[in-house]
Amino acid sequence: MRPSRFTFSIVIILFLGNCISLFSQTEYIDYRSATNPLYWKNRKPFAGYWQQDVHYNIKASLNDSSDIVSGTEELTYWNNSPYDISHVYFHLYSNAQNKNSYLSDLYKNNDYNLKFGKYRSQNLGTVVGTITVNGQVLNTELDNTILKVYLPKPVKSGESVTFNMDFKTYFDKEAIRNRMKMFNTFGNKHYNIIHWYPRISVIDRKFAWNTDQHMDHELYGGFGSYYVEMTTPNNYVADGTGVLINEQEVLPDSLRKKLDISNFLSKPYNSPPSIITPRDGTTKTWKFSAINVHDFAFTCDPTYRIGEKNSNGVRCIALVQEPHAAGWYNAAAYVAKVLEVNSYNIGPYYYPKMIVADAEEGTETPMLALCGGFDPGYRSLLIHEMTHNWFMGMLGTNETYRAFMDEGFTQFYTGDTYQFIDGAIELEPQPKSKYVQRFVEPKRVLDNEIYNSYFNNVVVKNEEVTLNTHSDDFNGGIRMGGGYSEVYTKTAAMLKNLEYVLGRALFDKAMQHYFKQWKFCHPYPEDFRSSVIIYTGIDLNWFFDQWMETTKTIDYAIGKVKRKKNYVYEITFKRKGSMQMPIDFVVIDKNDSARHYYIPNTWFEKPTRANALPRWIGWGPKLKPTYTATLNIGTKIKNVIIDPSFRLADVDMTNNIKKGRFDIKFDSHIYNPPNWKQYEMRIRPDVWYNGYDGVKFGLRASGDYLNTKHVFNLGVWLSSGLGQAYVDSTSN
Ligand SMILES: [Zn+2]
């Protein structure tokens with residue numbers, strides 16, 4: 001008898017449980033095993049591929065009086081590269097916020113006046129004491145966030161080396177944003193202990209050593225395994241990356257019941273927390289074991305309360321500060337939904353748990369999504385930070401180098417998964433004012449998550465950004481500035497337009513293939529491109545070249561629509577923009593029935609129910625800038641519209657429709673994002689007074705496309721004579 005799927009999964013869980021108790025602190029045996037289906041050697045993306053292996057054994061403790069985490073780290077490093085290695089580099093990320101850092105220089109040159117806290121002003125971020133191999137102290141060279149370590153003898157290809165070191169990481173009141181942070185929660189201290197330990201740099205097949213300074217954008221680490229013990233004062237509630245192997249000791253059932261979110265759901269939002277575990281001067285040690293990860297993160301707060309659901313054997317955990325419990329009532333259930341949808345659309349979630357934490361943040365780490373806010377406003381943030389576990393966590397891209405491969409892909413699926421779970425309109429808290437309620441317009445998820453920001457960047461701000469750019473080289477900007485936000489929005493728009501080019505079914509299969517081919521390895525942009533091209537068998541280099549390597553934009557227009565004999569029409573299209581794309585369009589006849597057409601721009605034709613027309617090959621300003629479709633409609637044409645699905649990221653939609661649509665609405669002065677899909681006109685009655693005319697009544701009308709194109713402003717006034725001041729015509 002073959003075991004059913006159910007009994008099979010129980011066997012696997014028991015087996016994993018066994019391994020963890022047997023091999024605590026030697027997780028690398030499981031990670032590097034021939035039976036680990038996720039280990040790169042057992043499933044190389046292509047023959048000849050290699051990557052390094054790491055195993056961290058970290059024992060650390062948090063002192064919440066001094067705000068210092070002190071620890072020891074034993075790192076075993078396997079050199080699978082073809083090179084002999086005579087030195088290594090470590091990232092000390094939290095040195096980026098120090099007074100004399102590269103990042104503070106960037107802030108100063110962006111006119112920030114920085115006031116550093118007590119540790120940062122002494123350049124204390126992460127400080128490594130001694131570092132040894134086999135008891136021998138090694139020479140090091142520190143340059144802000146990068147520590148170079150010289151080995152006593154080279155580690156040959158195929159060999160391993162074990163480093164031992166002690167370190168201290170300092171939490172401070174930051175002058176510069178740091179995602180490793182502490183803050184006050186109702187008189188308690190909250191710590192997000194992330195990017196906190198000396199993490200070895202990656203040497204890979206593209207870079208050799210990656211020695212980028214940390215500039216508060218993205219990170220990059222090698223895959224392997226972690227055993228981490230973190231000691232906190234006894235009153236903290238905590239969780240982190242991996243299996244909490246002493247759960248019964250630190251969260252016994254009696255305590256876990258008291259901490260359950262269900263006990264606090266009826267408390268008014270933001271009311272002070274209760275004390276569940278009085279602080280008694282003792283400590284608790286939280287022990288974690290993780291494999292197939294490239295980082296370890298931890299969060300703790302005495303006010304954390306816990307919600308939990310299960311999704312196909314994965315523990316879905318919500319950590320919420322007690323005062324916010326009412327706003328997080330659905331968090332664990334929402335985690336389960338996101339895992340289900342992402343696993344269906346992208347690929348399986350391979351980790352044993354997913355935590356969302358109420359942590360005044362929006363940051364991703366393996367198995368731990370640091371979030372904030374409350375329902376329903378927090379949904380897109382929760383989805384975003386969890387979805388990172390596919391593109392930051394399970395695909396270990398070099399995000400420091402090319403942030404779009406993580407942030408942009410994640411942003412695309414933020415909108416996509418949101419729609420799958422909650423529908424096409426974004427859920428928002430109901431505004432209190434009736435007036436605001438009346439004039440706030442519902443927002444399409446795809447506009448809110450993708451298109452509004454893309455058009456804001458490209459059309460309104462006129463930013464010209466090439467995606468294939470280093471994450472720290474966006475015009476000297478900090479955080480989202482200098483065009484960096486296009487890493488999110490232009491990439492998400494690119495993927496939506498790839499979906500438009502391929503059709504949804506083939507797009508899904510191509511993305512799933514990319515994830516399957518590269519999971520737990522380190523893909524670069526060229527790997528993504530070839531993965532999609534080889535899988536689909538379609539030349540998409542024209543597409544990726546335009547979107548990743550240039551600042552080109554799309555603008556198609558409908559030209560003349562001529563009626564020939566009977567009801568045969570000639571419809572002319574113009575390529576006004578610098579980017580070429582295939583065209584979906586619809587013809588509406590006089591009876592309001594729609595006929596769908598498709599003009600391919602290469603030999604590839606996507607599967608579609610629309611009528612495929614002859615291909616339109618052409619690019620640039622001079623090669624076939626126009627195209628004429630000859631169609632026998634059989635009756636009179638009322639309208640012609642390009643891409644009624646609103647996926648084509650066309651920078652001027654006013655010419656995508658033959659009989660222009662525009663919105664005339666009352667100018668309520670309530671902010672709504674500009675509608676990229678059509679021309680907008682606003683009308684508002686106005687009253688004005690001057691001494692000569694008295695009170696004037698008027699009508700003010702304005703109109704524009706995306707606030708920037710075809711702008712007009714008009715005022716019509718009627719003087720009432722009321723309140724007219726005396727005007728002496730002889731005065732001068
Ligand atoms: Zn993100």
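View 1. The contact, meaning heavy atoms within 4.5 Å, involves 21 residues of domain 1 and 17 residues of domain 3. About 1,700 Å² is buried between domain 1 and domain 3, with carbon and sulfur atoms giving 53% of this area. Buried area is the accessible area (1.4 Å probe) that two parts lose on being put together, summed over both. Of the area that domain 1 buries against domain 3, Arg-205, His-217 and Phe-223 supply 32%, more than any other three residues.

Residues are numbered from 1 along each chain as its sequence is written, and side-chain values use heavy atoms, with hydrogens and water left out. Because the model is predicted, local features need pLDDT of at least 70 and side-chain atom pairs count only at pLDDT 80 or more, whereas totals for chains, interfaces and linings use all residues.

View 2. Domain 1 and domain 3 share 2 salt bridges, each defined by a side-chain nitrogen of Lys or Arg within 4 Å of a carboxyl oxygen of Asp or Glu. Arg-205 forms a salt bridge with Asp-527, and their closest N and O atoms are 2.6 Å apart. On the side of domain 1 that touches domain 3, there are 8 nonpolar, 6 polar and 7 charged residues. Here Ala, Val, Leu, Ile, Met, Phe, Trp, Tyr, Cys and Pro count as nonpolar, Asp, Glu, Lys and Arg as charged, and the others, Gly among them, as polar.

**View 3. The pair Asp-239 and Lys-353.** The whole structure holds 31 salt bridges. In the one between Asp-239 and Lys-353, the closest N and O atoms are 2.6 Å apart. Asp-239 belongs to strand 15 (residues 237-240) and Lys-353 to strand 21 (residues 353-358), so the pair ties together parts that are 114 residues apart in sequence. Helices (H or I, at least four residues) and strands (E, at least two) are DSSP runs, numbered from the N terminus.

View 4. Most residues other than glycine have a negative phi, and most peptide bonds are trans. The peptide bond from Asp-375 to Pro-376 is cis, with omega near 0°. Pro-376 is placed in the loop between strand 23 (368-371) and helix 7 (379-394). Phe-186, although not a glycine, has a positive phi of about 50°. The loop that holds Phe-186 runs between strand 9 (181-185) and strand 10 (188-193).
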